[in-house]
Amino acid sequence: MEIKANDVTVKYMVGTPFEKVALHKINFTLRPSTYHVFIGKTGSGKSTFIQLLNGLLKPTEGSMLIGEKVVNRKTKMKQLYHLRKEIGMVFQFPEHQLFHDTVLEDVAFGPMNLGVGKVEAEKRAEESLSLVGISPSLYMRSPYELSGGQMRRVAIAGVLAMEPKVLVLDEPTAGLDPVGHIGMMELFNHWFKAKEGRSVILVTHNMEDAARYGEEIHVMYDGERKLVGTPSELFTKETKLNEYGISLPNTLSLLMELQRASGQALITDHFEIDDTVDEIVSFLRKDIENNA
Ligand SMILES: Nc1ncnc2c1ncn2[C@@H]1O[C@H](COP(=O)(O)OP(=O)(O)OP(=O)(O)O)[C@@H](O)[C@H]1O
Ligand SMILES: [Mg+2]
């Protein structure tokens, strides 16, 4: 699904002494069927932008085009209802939104709320729960009897059960341990790849994730989108990124430091640990040969 921002400005607390411009005349298109990542320092407007995507917020000026749907200041909330079918949102600590008696009921609630019958909704719930790795033995438990990580998986299953086309993730792994973090990021990537036409829009402060999963990375700064590109296009612009308060992925910082300290050119357009290790090993080999 294509998403377009046309001269969109968002202001908070309009007409008060606390008025704040959170997005300033942003103009861009998000390609469909793409894994998008939004990065940018705190307060740069990332969460504000993604709240425009399912009608949680409306533009103060300008308009959004979300698939076929135009959203502007005058759009009625009721008209945005169907966007919730297509755009699935996962916020920080989504487990805070669990409220049903059983895990299965909680996950089936989303599709039922969209008008899907009970049998079909439960079938979808079971599929999503299996996708997020929650075993059938937990279906009849209260969500509150689960661990934090399990609760989060149940909440995410609830979003996936609505079968969205676009999955919007605002720092979805906050508070998870490193293994839980990787598991969850892999889960989203698996969902993204499982079916043609799906998109992910991830907001993160984790540059390793941005580099590993992002196909298009967007840099927000002070309410504007300043840069966009693939990981290799973007992370080679170190000076610019620093201006926008962004640091490089650790793997890349290590290679850049090694390059600076040794005066030797290294290949710095890959970010996976394995590739970085290969590059360092090849550097060390050359160093040994040179000194032999
Ligand atoms: N409900 C609100 N009322 C008033 N101002 C707000 C509100 N929400 C956000 N802001 C302000 O709008 C600006 C953009 O905030 P936003 O939450 O979009 O930033 P962010 O990029 O998501 O930051 P973070 O990385 O900290 O989550 C900030 O200056 C913030 O203080
Ligand atoms: Mg935010």
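## Two residues with positive phi

Glu171 sits in the loop between E7 and H6. In this predicted model, Glu171 has a positive phi of about 45°, even though it is not a glycine. Glu171 is partly exposed: its relative accessible area is 23%, and a residue has to be under 20% to count as buried.

You will find Asp7 in strand E1, which runs over residues 3–12. Asp7 is not a glycine either, yet its phi is positive, at about 55°. With a relative accessibility of 40%, Asp7 counts as partly exposed, because that class lies between the 20% limit for buried and the 50% limit for exposed.

## How H3 meets H4

Let us turn to a pair of helices. Helix H3 covers residues 103–113 and helix H4 covers residues 118–131; the two pack at an angle of about 120°, and their axes are 8 Å apart. Their crossing is right-handed.

On the H3 side, the contact is made by Val103, Leu104, Val107, Ala108, Pro111 and Met112. H4 brings Lys118, Ala121, Glu122, Arg124, Ala125, Glu126 and Leu129 to the contact. Sorted by class, the residues where H3 and H4 touch are nine nonpolar and four charged, with no polar ones.

Is Ser142 buried or exposed? Its relative accessible area is 18%, so Ser142 is buried, the cut-off being under 20%.

Which residues does Ser142 touch, leaving aside those up to four places away in sequence? Its partners are Asp101 and Thr102.

## Helix H5 and what covers it

Next comes helix H5, made of the 13 residues 148–160. How far apart should its ends be? At 1.5 Å a residue, H5 should span 18 Å, because the expected span uses one less than the number of residues. The end C-alpha atoms of H5 are 19 Å apart, which agrees.

Several residues of H5 are buried: Met151, Arg152, Val154, Ala155, Ile156, Ala157, Gly158, Val159 and Leu160. What covers them? The cover includes strand E6 (87–90) and strand E7 (166–170), along with H3, H4 and helix H6 (178–194).

Note on methods
Residues numbered from 1 in each chain as written. Chains lettered and ligands numbered in written order. Predicted model: local features only at pLDDT ≥ 70, side-chain atom pairs only at ≥ 80, totals over all residues. Heavy atoms only, no water. Axes fitted to C-alpha atoms, helices over the stretch in contact; angles between N-to-C directions. Helix = DSSP H or I, 4+ residues; strand = E, 2+ residues; numbered from the N terminus. Left-handed = near helix turned anticlockwise from the far one by under 90°. Contact = heavy atoms within 4.5 Å. Nonpolar A, V, L, I, M, F, W, Y, C, P; charged D, E, K, R; others polar. Buried < 20%, exposed > 50% of the residue type's maximum accessible area, 1.4 Å probe, protein only.
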